[in-house]
Amino acid sequence: FCEMFGHVAELMTDPFGNYLCQKLLEFSTDDHCNVICESVTQDLVTISLNMHSTRAVQKMIDFLYNTQIHSIILALSLHVVVLIKDLNGSHIIQKCLNKLAPEDNQFIYNAVAANCVEAATHRHGCCILQCYIDHASDHQRIQLVNEIPYNVLTLGWQAYGAGSVDMGFIVSNSRSML
């Protein structure tokens, strides 16, 4: 571990090294996982966008605990839309949705709501918007669905945005029937 520590970010992006990092995360102590997490947080967005390291980052998210979760949130929070619009980066955001508690994922919902048109009109963003709604708490779901009417004209004319409008109305109508 000591020999690799300074090279974790480089290994994560390597076609073969990423497998080593995944196994290292799987069998490391909490202290070692913490060291790995802290060593890659400053480059986490770049690492997340790489086709090889996206799996290693997902594995790292699987083994996070409270103090590490905060570090990951800080590293990703200003780049959510960039990650959403990237094939590899979107997997990182989806892993956060699947693994982290709804309150820890609030940074994702804030970014998507603030950038609704940009996220919903991109082919990757549009495809995973349903995933965001499915994993949302009631408050988060309302936060996302409430943005759609404000942007309906823009979204309605976009190839991928029209699906978001349809989805927003379906979710909105299903909630009002309850």
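Q: Over which residues does pLDDT stay under 50?
A: Residues 164-174. pLDDT is the predictor's confidence in each residue, from 0 to 100. For residues 164-174 the model has 18 contacts beyond four places in sequence, a contact being heavy atoms within 4.5 Å.

Q: What should I do with coordinates where pLDDT is low?
A: Where pLDDT is low, the predicted coordinates should not be read in detail.

Q: What kind of model is it, and what are the ground rules?
A: The model is predicted, so local features need pLDDT of at least 70 and side-chain atom pairs need 80 or more, while totals for chains, interfaces and linings use all residues. Residues are numbered from 1 along each chain as its sequence is written, and side-chain values use heavy atoms, without hydrogens or water.

Q: What's the average pLDDT of the protein?
A: The average is 81, and 77% of the residues score at least 70. By element, the mean is lowest in helix α14 (residues 161-177), at 46, and highest in α4, at 96.

Q: How many helices and strands are there?
A: The protein has 14 helices and zero strands. These are DSSP runs, numbered from the N terminus: H or I of at least four residues for helices, E of at least two for strands.

Q: New topic. S48: buried or exposed?
A: S48 is at 0% relative accessibility, so it counts as buried. Buried is under 20% relative accessible area, exposed is over 50%, and partly exposed is in between (1.4 Å probe, protein chains only). S48 sits in α4, residues 44-48.

Q: What does S48 touch?
A: Apart from neighbours within four places in sequence, S48 is in contact with S53, T54, V57, L76, L83, N88, G89 and I92.

Q: At what angle do α5 and α8 pack?
A: About 15°, with the axes of α5 (residues 53-62) and α8 (residues 87-99) 9 Å apart. Axes are lines fitted to C-alpha atoms over the stretch in contact, and angles run from 0 to 180 degrees between N-to-C directions. The angle makes the pair roughly parallel, a label for angles under 35 degrees; over 145 is roughly antiparallel, 65 to 115 roughly perpendicular and the rest oblique.

Q: Which residues of α5 make that contact?
A: T54, V57, Q58, I61 and D62 of α5, meeting N88, H91, I92, K95, C96 and K99 of α8.

Q: And F5, which residues is it in contact with?
A: Leaving out neighbours within four places in sequence, V35 and S39. F5 is partly exposed, at 37% relative accessible area. F5 and I36 are 31 residues apart in sequence and 7.2 Å apart in space, C-alpha to C-alpha.
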